[in-house]
Amino acid sequence: MRAGNFLTFVLLLLFAAFSFAEDEANRTLASTEQNQTQQRQNIQIEKLKDSLRQIDQKLEQESVWQKVYANHLAYIDMEEKIKKIERQIKSYKRKGPSRYRTAIRELEAQKLKLREQLDLLKDYRANPFKTLIRPKEVKEVPSVTNPVAIINAFSYLKQLDEEQNRFEYEIDSLKNFIDLLNRKVAVLKDLLELEQEDKAVQEELNRTMKEVDEAEDALSLHQTALIVYKKKVDEIRLRLTEQIKQQAKKAGTIGAVVLIMLLFVLLFKWLVKRTITDNERFYMANKIINFTFVFLVVIILLFAYIENVSYLVTVLGFASAGIAIAMKDWFMSMLGWLVIVLGGSIHVGDRIRVDKDGKMYVGDVLDISLLRITMLEDITLTTYKHNRRAGRIIFIPNNYIFTDMIANYTHATLKTVWDGIDFTITFNSNHKKAQHIAKETAKKYAKGYTDITRKQLNKLRSKYSLKNTNVEPRVYSFIEENGIRISIWYMTNAYATLTLRSTISAEILDQIKEEEDIVIAYPSQHLYLDRARKKPTLPDLTESTISL
């Protein structure tokens with residue numbers, strides 16, 4: 001009996017030992033599993049936090065939206081702080097202003113600082129996702145009424161496209177930002193499941209979800225605005241494209257008309273060149289053709305591109321008085337051009353002289369434009385005696401024909417002018433022989449020009465009343481205080497007066513030197529230092545005698 005109880009006790013003891021060992025093993029296994037689970041959870045938490053840091057870093061570096069929204073949150077936080085300070089100030093004032101005077105003063109100073117900071121962030125008061133993306137207002141659409149406006153229309157369309165591309169880019173940027181925020185929300189949710197008691201994660205999740213909601217609302221609004229903006233841009237593009245086509249067609253028609261006119265002008269110039277042999281007439285005809293062509297082109301352009309020509313005429317009528325005063329010289333030059341062209345007083349190639357303010361300019365006309373005469377100054381007697389300069393291009397306003405002296409040496413068919421040479425001989429010289437020498441020399445060298453002038457004057461009889469047509473060389477003698485002045489006049493080439501003048505002068509001088517009874521008089525002085533010296537019996541009046 002006792003042996004059986006002992007055996008039972010031993011069995012029970014062994015069973016208890018085995019049970020304890022099994023429980024201990026189970027507890028150890030459970031603890032190990034729990035540790036492993038905790039380790040895996042910690043690893044997962046670290047991965048989630050690492051992903052969260054990467055998302056925040058990407059938001060901070062690549063997205064401007066995060067910075068803008070952070071400023072918006074800062075603005076809201078400052079407003080809350082100001083409201084809290086105001087509540088504290090009201091509470092202190094109710095308890096007793098004198099008792100809490102120092103505290104109230106400190107709170108007022110804090111409130112002032114926060115107000116200053118709040119003013120700096122006032123642009124971020126509203127939802128930044130709605131205010132940051134804003135398409136520019138469409139300016140007044142230009143109207144294409146002429147070819148120049150086509151350039152403005154293309155520039156305007158380019159600006160619209162650039163603005164649309166910018167708007168689409170910012171919307172895509174906002175979409176990418178929302179995707180990053182959704183990824184952050186997913187990571188925060190996973191992190192919150194692992195750390196359910198982490199209040200910081202919960203607050204970050206709530207703030208991010210609020211940010212996502214505001215961003216998505218703004219995205220929906222901007223997408224709608226983009227659709228409306230695209231429709232408006234498409235409408236403007238269609239309208240401008242149609243206007244551009246119309247103006248291009250109109251410009252092409254006008255260009256074709258002008259081209260046909262140009263061909264007629266070239267043909268007419270060719271016919272004029274073949275029929276008119278005189279260079280001056282051909283030049284003038286060419287100028288008239290060019291002026292007519294330009295005038296017609298201007299008229300065509302005015303009637304084609306000015307919508308209300310009568311309005312233009314009315315405006316010009318009211319403005320004509322002021323324009324006439326302000327541009328008096330221009331109008332007078334244009335009127336002078338008409339007088340020159342229609343009157344035929346001056347032609348291209350003529351040799352003219354212009355007197356202005358005591359100065360004289362002689363040269364050949366190169367061009368007669370609407371406002372001025374262009375003249376090339378040549379070497380002439382005027383140049384020799386007065387200017388001592390030549391070869392200059394002189395521009396003469398056409399209005400000078402009304403106010404100043406303009407002499408034409410080669411008017412109409414005349415190509416010659418009278419030129420004269422003066423020299424003085426002594427009183428006891430043979431003045432008749434001197435006159436004969438001068439006249440014969442002039443006849444010898446000026447004979448060809450004399451004949452040409454005679455023919456030219458005969459042609460002018462039908463146009464002008466000519467009293468004296470004697471063009472033979474003329475010689476005159478005059479008594480002067482220092483001798484007898486011999487003046488010989490002859491016809492010479494209007495373009496080369498100095499050449500013939502130099503030739504005749506040299507010939508007369510050579511012949512006079514050979515004559516013993518002809519002495520050239522010139523101013524001179526005789527000084528007599530010896531009082532006993534006999535003075536000349538027949539002193540020349542050209543000499544000044546000084547006796548000492």
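## Helices α5 and α6

Helix α5 packs against helix α6 at an angle of about 165°, with the two axes 8 Å apart; here axes are lines fitted to C-alpha atoms, for helices over the stretch in contact, and angles run from 0 to 180 degrees between N-to-C directions. The two helices are therefore roughly antiparallel to each other, the scheme being that angles under 35 degrees count as roughly parallel, over 145 as roughly antiparallel, 65 to 115 as roughly perpendicular and the rest as oblique. In passing α6, α5 makes a left-handed crossing, a crossing being left-handed if the near helix is turned anticlockwise from the far one by less than a right angle, and right-handed if clockwise. The residues in this contact divide into 33 nonpolar, 7 polar and 12 charged, where Ala, Val, Leu, Ile, Met, Phe, Trp, Tyr, Cys and Pro count as nonpolar, Asp, Glu, Lys and Arg as charged, and the others, Gly among them, as polar.

## Basis of the model

This is a predicted model, in which local features need pLDDT of at least 70 and side-chain atom pairs count only at pLDDT 80 or more, while totals for chains, interfaces and linings use all residues. Residues are numbered from 1 along each chain as its sequence is written, and side-chain values use heavy atoms, with hydrogens and water left out. Helices (H or I, at least four residues) and strands (E, at least two) are DSSP runs, numbered from the N terminus.

## Salt bridges

The count comes to 17 salt bridges, each being a side-chain nitrogen of Lys or Arg within 4 Å of a carboxyl oxygen of Asp or Glu. One of them joins Asp-161 to Arg-237, with the closest N and O atoms 2.2 Å apart. Because Asp-161 belongs to α5 (residues 147-194) and Arg-237 to α6 (residues 199-275), the pair ties together parts that are 76 residues apart in sequence.

## Helices α12 and α13

The axes of α12 (residues 431-460) and α13 (residues 497-514) come within 9 Å and cross at roughly 150°, which makes α12 roughly antiparallel to α13. Their crossing is right-handed.

An open sheet of 5 strands has the order β4-β3-β2-β1-β5, with antiparallel pairing; two strands pair if DSSP finds at least two bridges between them. The edges are held by β4 (393-397) and β5 (405-408), each with a single partner strand, so one side of each is left without a neighbour in the sheet. From one strand to the next the twist averages 40°. Strands β2 (residues 359-368) and β3 (residues 372-377) run antiparallel and are joined by 5 bridges, and Gly-363 stands opposite Glu-377 in β3.
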